[in-house]
Amino acid sequence: MSTPKIKFDLQIKYGSEYGEEEEKAVLQVLRQGAPTSGEACIEFEREFAAYCGVAHARAVSNGTAALFLSLVALNVKPGDRVLTTPLTWIATAAAGATLGAEVDFVDVDPETFNLNPSELESKITPNTKAILPVHLYGQCCEMDAILAIAQRHGVAVVEDACHAVGADYHGRKAGSMGATGCFSFHEQKNISTLGEGGMVTTNDPAIFERVALYRSHCTRVYGRSTKYCSLDEDRVPMGKRFWWQDFDDCGYNFRMTDVQGAVGIVQLRKLDQLNQRRIDNAAYITAGLEGVPGLTLPKVQPGCKHVFHLYPILIDPVAYGSSKEDFIHVMLYEKGIRVGTHYTPLHYMTAFRNRGFRKGQFPVAERLTERLVTLPINPRQPREALDYLVESIRSLRRG
Ligand SMILES: *Cc1c(COP(=O)(O)O)cnc(C)c1O
């Protein structure tokens, strides 16, 4: 069966959009030799930190690296325990797992689909080192409750803000509330740096230093004219040479390139506008789908700015007259609209079944995933595309 061709951009792929400003930024850096992390990345970091209202930001190669480096900076190691939600992209849970830590999940809130603070405390043990709440679909978790529990137990909070760049929680920006905030600029995210990219934000200078070191092989340059001029002369066999490179530890290369950084600066300046178009499109879809029996539409929590990375709906198979699977199939093959299934709970995946997880452990996430689909939403959708989307969903209701 082939999918019908439609003239609208109703695919999830490519969340963001580029224009002449990005083209110019690419060419300018290209003509300067297109270096790795240099002036453009440093400027991007400065502007990103200011936007989020944090002291520090470091650009990295992707969101996965941002999460991983955050846990490295917190010294997460085998024997430690980290907690996250089962409803997320695997990168959130993989960060702890690849460091040899024990990863466990906390069930979600049935209305927001975010990590449920009332399920959190009973999951914390003396070995628990970090909690990774995910601001799913672009709406912040209940951070006040999560931060209070974390503080009571001396556990760090690493915000997975990969869906939520520009989102607000009671006047605070996503990524500014935890020990670190982690962002992705992958092609599908709300802003992008040429397909891949990421950022770590923090207010803690010690965490920032570790993120900065481990991002780039833990190297420090010592010399008479640098600010790292702290070594004894006998450790600096410089002779006539001016500097000496040392390595504090073995680290990684998770740097961003300057071409990406330059595009990031332009994208960041457009972020609020791009998010506003998502918010407007979401409101339009909500108005169009309100009252359709069997559909549960997303609710924006009081005090939150939801930036609608995705638009989740729940389908009641009886009241709507179609299972989630049938809906996905018919939408694709009859309407040419690819809806998403973000996410199937991580404890169903082989990687976590092999770590001892079983169906039945996280009943709210499990019940939700039987009904949960995500609608394509991006800032380029014209009204006709949204009308077509809404009409398609309305017309498929059987009752
Ligand atoms: C995209 C994403 C990541 C990982 O980001 P990459 O840039 O693809 O490595 C992590 N967590 C969530 C929730 C994401 O959506």
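Start by selecting Arg-355 and Phe-352: Arg-355 lies over the face of the Phe-352 ring, 5.6 Å from its centre. A charge counts as over a ring if NZ of Lys or CZ of Arg is within 6 Å of the ring centre and within 35 degrees of the ring normal. This is a predicted model, in which local features need pLDDT of at least 70 and side-chain atom pairs count only at pLDDT 80 or more, while totals for chains, interfaces and linings use all residues. Residues are numbered from 1 along each chain as its sequence is written, and side-chain values use heavy atoms, with hydrogens and water left out.

The ring centres of Phe-352 and Phe-357 are 6.2 Å apart and their planes stand at 65°, so the pair is edge-to-face. Rings of Phe, Tyr and Trp (its six-membered ring) pair if their centres lie within 6.5 Å; planes under 30 degrees apart count as stacked, over 60 as edge-to-face and the rest as tilted. Phe-352 and Phe-357 are both buried (under 20% relative accessible area, with a 1.4 Å probe and protein chains only).

The structure holds 15 aromatic pairs. Another to select is Tyr-320 with Phe-327: the centres are 5.8 Å apart and the planes at 75°, so this pair is edge-to-face. Tyr-320 and Phe-327 are both buried.

Next, select Phe-44, Phe-48, Phe-183 and Phe-185, which form one aromatic cluster. Then go to Arg-383, which lies over the face of Tyr-284 at 4.2 Å from the ring centre.

Finally, select the ligand. In the side chain of Thr-64, an N or O atom is 2.5 Å from a ligand oxygen atom.

Definitions and conventions. Buried < 20%, exposed > 50% of the residue type's maximum accessible area, 1.4 Å probe, protein only. Polar contact = N/O pair within 3.5 Å; in protein donor to acceptor, adjacent residues only side chain to side chain.
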